[in-house]
Amino acid sequence: MLRPTLSLALLLGSGLAVAQQLTPQALAQKSDCMSCHGMVHAQVGPGFAQIAARYRGDADAPARLAGKIRNGSVGAWGRVIMPRHPQLTDAETGALARWVLSQP
């Protein structure tokens, strides 16, 4: 049986982890996504709505876009370079990709 202080520490620790998780939109705003992408229209790179429209109906798109977020890419939207984001976890890049693809 866990001692009460250890149980409380585990409970508080798990609560802190939940509190630190960001929504995909908040993660996009916290990282540098919004520096290059608009919600609808292209800035440096395509707008999130443009990306969603291109890949709508593509079952492989979430995994492929998560890979592009993590590893970067070039040539998918002309000569614009998508920089790598190795600091993001697989869970974060997956959440960002699904969020982008959910845009109207």
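**Close-up 1. His85 and the backbone oxygen of Ile69.** In this predicted model, a polar atom of the His85 side chain lies 3.1 Å from the backbone oxygen of Ile69. His85 sits in the loop between strand E2 (78-82) and helix H6. Its relative accessibility is 6%, so His85 counts as buried; the cut-off for buried is under 20%. Leaving aside residues up to four places away in sequence, His85 touches Asp32, Ile69 and Arg70.

**Close-up 2. Helix H4 crossing helix H6.** H4 spans residues 48-55 and H6 spans residues 90-101. Their axes come within 7 Å and cross at roughly 85 degrees. H4 is therefore roughly perpendicular to H6, a term that covers angles of 65 to 115 degrees. On the H4 side, Phe48, Ile51, Ala52 and Tyr55 make the contact. Trp99, Val100 and Leu101 contribute from H6. The residues of this contact comprise 7 nonpolar, no polar and no charged.

**Close-up 3. The aromatic pair of Phe48 and Trp99.** The structure holds 1 aromatic pair. The ring centres of Phe48 and Trp99 are 5.1 Å apart. Their planes stand at 65 degrees, so the pair is edge-to-face; planes over 60 degrees apart fall in that class. Phe48 belongs to helix H4 and Trp99 to helix H6. The two residues are 51 residues apart, and their pairing links distant parts of the chain. Phe48 is buried, at a relative accessible area of 3%. Trp99 also counts as buried, at 12% relative accessibility.

Terms used
Residues numbered from 1 in each chain as written. Predicted model: local features only at pLDDT ≥ 70, side-chain atom pairs only at ≥ 80, totals over all residues. Heavy atoms only, no water. Axes fitted to C-alpha atoms, helices over the stretch in contact; angles between N-to-C directions. Helix = DSSP H or I, 4+ residues; strand = E, 2+ residues; numbered from the N terminus. Parallel < 35°, antiparallel > 145°, perpendicular 65-115°, else oblique. Contact = heavy atoms within 4.5 Å. Nonpolar A, V, L, I, M, F, W, Y, C, P; charged D, E, K, R; others polar. Buried < 20%, exposed > 50% of the residue type's maximum accessible area, 1.4 Å probe, protein only. Polar contact = N/O pair within 3.5 Å; in protein donor to acceptor, adjacent residues only side chain to side chain. Phe/Tyr/Trp six-rings, centres within 6.5 Å; stacked < 30°, edge-to-face > 60°.
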